[in-house]
Amino acid sequence: MLPATVLCTKADLAFGHQLFSHGRRTDLVSGHNSKMSKTSAHFGLKPKVKRLQLGRLCLCNKARRETLFTTGAGGGGGGGGGGGMDSILERDEKIRKLTQSILWTAEGVYVLWLFLLPYAPGDPVWAISSETVNDLIGLSLNFFFILPLLNAGGVHLLEAPVLHPMSEGLFNFVIGWTFMFAPLLFSDRKRDRYKGSLDLLWGLQMFLTNTFLIPYMAIRLNKVNSEYPPRTNSQLGSIMTRGASIVGLVGGAACLLSTFWAILGRGDGDFGSISDRWEFLLSYLSSERLAYAFIWDICLYSIFQPWLIGDNLQNIQENKVGLVRYLSYVPVVGLVAYCLCLDTEEEY
């Protein structure tokens, strides 16, 4: 049985077997073909060899990017190979459409249930109370505990609002996790399919979390449109990818501090023991729409994190791919690992 192969036109061969897939170049090396290296050297290219997995390979034809699915069809000749490939293409297309439908349905449920309908705990957006607004302003002022820590250090340019440490911990935990999604989004190999501004998307995600991330997850499953040029990162995107390790450390530290703050923070205040704080958290989740929404966000992030990381393992330093793959299923930790192990020498 013959192995799966990649087919390219003569024009592609002239450029050293380069495949252009999702806006990124992958150099293909096969056998002992010395012509490839000479051609690459002639054009000043430094190919970076990565292991290619059989099963899904790129078919280059006049600079159009299509996906070729190959099968190891049973013996006896080539009679059944075409049918096997067609069935895989059909199955993959059905899965893609079903996944998109589920995501768009989830977006509708998320907006209706958490923002508009009065049935979830707390008040909907159209009936939000002044107390909830004040809490939201106070939580925003205590972003990443900057003001409380400055006040504790003797700096009192602005006094930090005193809120329950459990609510502050939950808020900053979700925001810290959201912050670390930036390098992942700006290096996502399928981001070309999203035609809007990634800067704006991530900025809105920082405030409204999955209200905007769910649609992105659906849009990135669209078919590749070869008429559009590959997306180049904005200045913000370049900063976030090149400084991914800093983003990971800051976001991870914020999540860790949030956990300790929720349990031990404001010990000089009248916030009770750990059991008292746990009782407050349960009451908080069952009475405040904002806290209730954060639980949804944590659950959805736990799904989207390994999904996005798994689709972008080729962005990881080669000797750390296995580690990041396993850690990707651990909430927060996997995203910290992705940021710390991102190959910053690549252009995204």
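Residues are numbered from 1 along each chain as its sequence is written. In this predicted model, local features need pLDDT of at least 70, side-chain atom pairs count only at pLDDT 80 or more, totals for chains, interfaces and linings use all residues, and side-chain values use heavy atoms, with hydrogens and water left out.

**Annotated stretches**

The unreviewed UniProt entry lists residues 101-119, 139-158, 170-188, 200-219, 239-264 and 290-310 as "transmembrane region". Such annotations may be inferred rather than shown by experiment. Two of these stretches are set out below; helices (H or I, at least four residues) and strands (E, at least two) are DSSP runs, numbered from the N terminus.

**A helix pair**

Two packed helices are described by the angle between their axes and the distance between the axes. The axes of α9 (residues 210-219) and α13 (residues 289-311) come within 11 Å and cross at roughly 35°. Here axes are lines fitted to C-alpha atoms, for helices over the stretch in contact, and angles run from 0 to 180 degrees between N-to-C directions. From α9, Asn210, Leu213, Ile214 and Met217 meet Asp297, Leu300, Tyr301, Phe304, Trp307 and Leu308 of α13, where contact means heavy atoms within 4.5 Å. These residues divide into eight nonpolar, one polar and one charged. Ala, Val, Leu, Ile, Met, Phe, Trp, Tyr, Cys and Pro count as nonpolar, Asp, Glu, Lys and Arg as charged, and the others, Gly among them, as polar.

**Pocket and cavity**

On a 1 Å grid over the protein atoms alone, a cavity is a set of points where a 1.4 Å probe fits but cannot get out, while a pocket is an open set with protein on both sides within 12 Å along at least five of seven lines; lining residues have an atom within 4 Å of a point. Grid points are joined across faces, edges and corners, and a volume is the space filled by probe spheres set on the points.

The second largest pocket has a volume of about 630 Å³. Its lining has 23 residues, and Leu136, Phe207, Leu208, Leu290 and Phe294 lie nearest the centre. Helix α13 gives the most to this lining, with five residues.

The largest cavity holds about 30 Å³ of space. Thr132, Asp135, Tyr284, Glu288 and Leu290 line this cavity.

**Leucine 285**

Leucine 285 lies in helix α12 (residues 274-285). Its C-alpha atom is 8.8 Å from that of glycine 122, 163 residues apart along the chain.
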